[in-house]
Amino acid sequence: MRIQHFISGIAVIALSQAVALAQISPAYKNPKLSAAERTADLLKRMTLDEKVGQLVCPMGWEMWEKKGNSVTYSTAFKKLIDSQYVGAFWGVYRADPWTKKTLETGLNPELAAAAGNALQKYVMEKTRLGIPVFLAEESPHGHMAIGTTVFPTGIGMASTWNPALVEKAAGVMAKEIRLQGAHISYGPVMDLSRDPRWSRVEESFGEDPVLTAAIGAAAVRGGGGGVLNKPYSVISTLKHFIAYGIPEGGHNGNTTLIGQRELHENFLPPFKKAVEAGALSIMTAYNSIDGIPCTANEYLYKHVLKNQWGFKGFVVSDLFSIDGLSGSHRVAKDRKESGEMALKAGVDMDLGASGFAALKQSVQEGKISIRQLDDAVARILRLKFEMGLFEQPYADPAKAKAEVRTAESKAIARELAQQSIVLLENKQQLLPLPATLKRIAVLGPNAHTPYNQLGDYTAPQEDGLISTPYMGIKQAFPQAEVSYVKGVAIRDSTTTELAAAVRAAKNAEVAIVVVGGSSARDFKTTYIETGAAVTDTKSVQDMESGEGFDRATLQLLGKQLDLLKAIKATGTPLVVVYIQGRPLEMNWAAAEADALLCAWYPGQEGGNALADILTGAVNPSGKLPISVPREVGQIPVYYNKKNPRGHDYVELSATPLYSFGYGLSYSNFQYSDLVVKPIGELLFEISFSLQNTSNIAGEEVVQLYLRDELASVVQPIKQLKQFQRVKLAGGEQRRISFRVTEADLLIIGRDLKPVVEPGDFAVQIGASSADIRLKGRFHVRRQTGVGVKY
């Protein structure tokens, strides 16, 4: 009896302790419970205001105050948090002319971590439920903050055709974001870009769905692959859903003309691959498709993304794109109706924090149900629990100071830049340049202008940290006299140094002229509320690319072509390098230059990487991820157009100047002995021999294209299916193999469902989409309906 009383007493005490614990620590604060359980408990405790607050993401760069070497939350932040609830902030650490944050007024990594800690501490301690805030940061090619590593832009990353290397770079970006206390990475950009006039080509991975999917999925894996309990995992936000990169007229944000089949065949698959790789956030796009603005497209977010794909993350609007439903697209009568329309379509977070400003009223009026609201809130809260922010919302400033922009991260940036550079012409094997050169002229507007190497979405940089072509070449040829003359500007034609450039070229054994474009923002640039730049006729800045800078033509601006012609006339061997954010017209350089390279925006190590290529320390291996048109009138000129093949124009070939997948090497590669072998009903092995017939070690990107010879719906002339980057020593030969699977054979049938149809498939193995070295075929015997979610 005593034992029973003793046991009962223990039970009563345990129960009392459990009740007391429950009173002190509600279930949502218990880290032993699952994220789903904690989310459900927290939702039950939240007021309507608190729920709506989780869905808003205001701009964050005014949320802190810096005083000397210390930083804390700002008066504006305190006023905001004391008056309403907020679930996330965007761009807390962002620094650029739009935010008016400079090297002097912005935050270094140590102060950034301290600022984030101050914001989190106030929110955790001064709000009723202590829900931490998400900090979202731009990171398309490196965290857009002071003191971080700047990698090549997206189009350069794609030129590497090296997902493993991109994954390493993305890992650096993610770590630098998390070390400073942020959680969400805005990137990668998954838009297919088929119109070089569009201002954001530089951010994309090019024109092809397979390459874009491979590079984008690698970036997501590098960011943690959706496993948020890892210390340096970020929530990767895929941009922009969907078909944003082919706007009518090349105008950023304009309507997109595209059919459902094309959407499912080419534009959705890269996003799907990235979601499968672990992306947990999707950003809407500014454009409309068939009359429906993407930010209000229920089919995209509810039917495809959340229902068919089973997406468990959240959808965030692009900046003020919810407001744009009434202000730009004119499909909603006011901002309140815009917010209702977006939430009902499946948008979960409002970037800009004005589109959902009236959401409480909408719920109270019955325009939005509690269930609809709770679904959006739960998607955001669950990820905060999975990331462990309720237990550890703070960063270590000392660690941020020590581990952001390290020697290792710079080495990865340099390797990425090396592999992104595409050798387009090398007449009489001018390159690599001999080490015995004594006099070199480095000329042109992009030869020694640091910000022109970096691309859009880049923070201010300290002097000397960016390697320009002039700096890289000077360091690579220490015994030579390396002279530099700018010659001309990118756009400004009022001031030139042509005569000085000509003198330098005449005195040199080789002239390296670096031309192209620029996405470098400055404090003279005007910006609209979304951060896109505004062009004006009075400006003489370099910027001719980057968000908002769409082009009507693709020729070199200013007097750059005059510079090239003047240097050519000296008779000095001419190497032309294009540093650019889009494929500009290169006809003159292709015909007249002795060597021609495309370096895109190569990032902070670009000058060193270019010098590595020019000297032969590194053998060029980059391949174009986008076709280079001869004239703007050819656009679109992407390689995988539908049958039939277009005929030539009256005055011009229909083919691009340089095709997708093209890129030269200092080595020569021979393809031979193709074998196509069925090894299953819908499984084929494609193998061949690849030999480096030179004595120079090199890397070749071998590309497998298929052509469906007869189908129920019109198919592409050819379509990249797989690729491999192969490194071979001089004289080495290796057997290369691909496995063609069911996924490679899928088409979107007449009923808009994926299907594998019987018939013949042409196999094409090549060094580019236009340079096919081996051909074969195989036959699929029967039709198969495929249970793939589309």
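Both faces of strand S16 are covered: on one side Val510, Ile512, Val514 and Gly516 are buried, and on the other Ala511, Val513 and Val515 are buried too. Buried here means under 20% relative accessible area, with exposed over 50% and partly exposed in between, using a 1.4 Å probe and protein chains only. S16 covers residues 510–516, and seven of its seven residues are buried, so the strand is largely enclosed by the rest of the structure.

A word on the source. This is a predicted model, in which local features need pLDDT of at least 70 and side-chain atom pairs count only at pLDDT 80 or more, while totals for chains, interfaces and linings use all residues. Residues are numbered from 1 along each chain as its sequence is written, and side-chain values use heavy atoms, with hydrogens and water left out.

The labels come from DSSP runs numbered from the N terminus: helices are H or I with at least four residues, and strands are E with at least two. Two strands pair if DSSP finds at least two bridges between them.

Back to S16 and its partners. Strand S14, residues 439–443, runs parallel to S16 and is joined to it by four bridges. In that pairing Ala441 stands opposite Ala511 of S16. S16 also pairs with strand S19, residues 574–579, in the parallel sense over six bridges. There, Val515 stands opposite Tyr578 in S19.

Next, the open sheets. Strands of a sheet pair through backbone hydrogen bonds, either parallel or antiparallel. For angles in general, axes are lines fitted to C-alpha atoms, for helices over the stretch in contact, and the angles run from 0 to 180 degrees between N-to-C directions.

Within that sheet, strand S23, residues 698–708, pairs with S24 in the antiparallel sense over nine bridges. Tyr705 stands opposite Leu720 in S24.

Another open sheet has three strands, ordered S21-S22-S25, and its pairing is antiparallel. Its edge strands are S21 (669–680) and S25 (733–740), each pairing on one side only. The twist from one strand to the next averages 20 degrees. Strand S22, residues 683–692, pairs with S25 in the antiparallel sense over eight bridges, and Ile686 stands opposite Phe738 in S25.

Now the helix pairs. Two packed helices are described by the angle between their axes and the distance between the axes.

How do helix H7 and helix H8 pack, and at what angle? H7 (residues 163–179) and H8 (residues 209–222) pack at about 40 degrees, with their axes 7 Å apart. That makes H7 oblique to H8. On the terms, angles under 35 degrees count as roughly parallel, over 145 as roughly antiparallel, 65 to 115 as roughly perpendicular, and the rest as oblique. H7 passes H8 in a right-handed crossing. A crossing is right-handed if the near helix is turned clockwise from the far one by less than a right angle, and left-handed if anticlockwise. Residues of H7 including Val166, Ala170 and Ala174 meet residues of H8, among them Ala214, Ile215 and Ala218; contact means heavy atoms within 4.5 Å. The residues of this contact divide into eight nonpolar, two polar and two charged. Ala, Val, Leu, Ile, Met, Phe, Trp, Tyr, Cys and Pro count as nonpolar, Asp, Glu, Lys and Arg as charged, and the others, Gly among them, as polar.

Helix H9 (residues 260–276) and helix H10 (residues 298–308) pack at about 55 degrees, with axes 12 Å apart. H9 and H10 are therefore oblique to each other, and H9 passes H10 in a right-handed crossing. Leu263 and Leu268 are among the contact residues of H9, and Tyr299 and Val304 among those of H10. The contact has seven nonpolar residues, two polar and no charged.

To finish, one residue. Leu107 lies in the loop between strand S4 (88–90) and helix H5 (109–126). Is Leu107 buried or exposed? Leu107 is buried, with a relative accessible area of 2%. Not counting residues up to four places away in sequence, Leu107 touches Trp64, Lys66, Val71, Tyr93, Ala112, Ala115 and Ile146.
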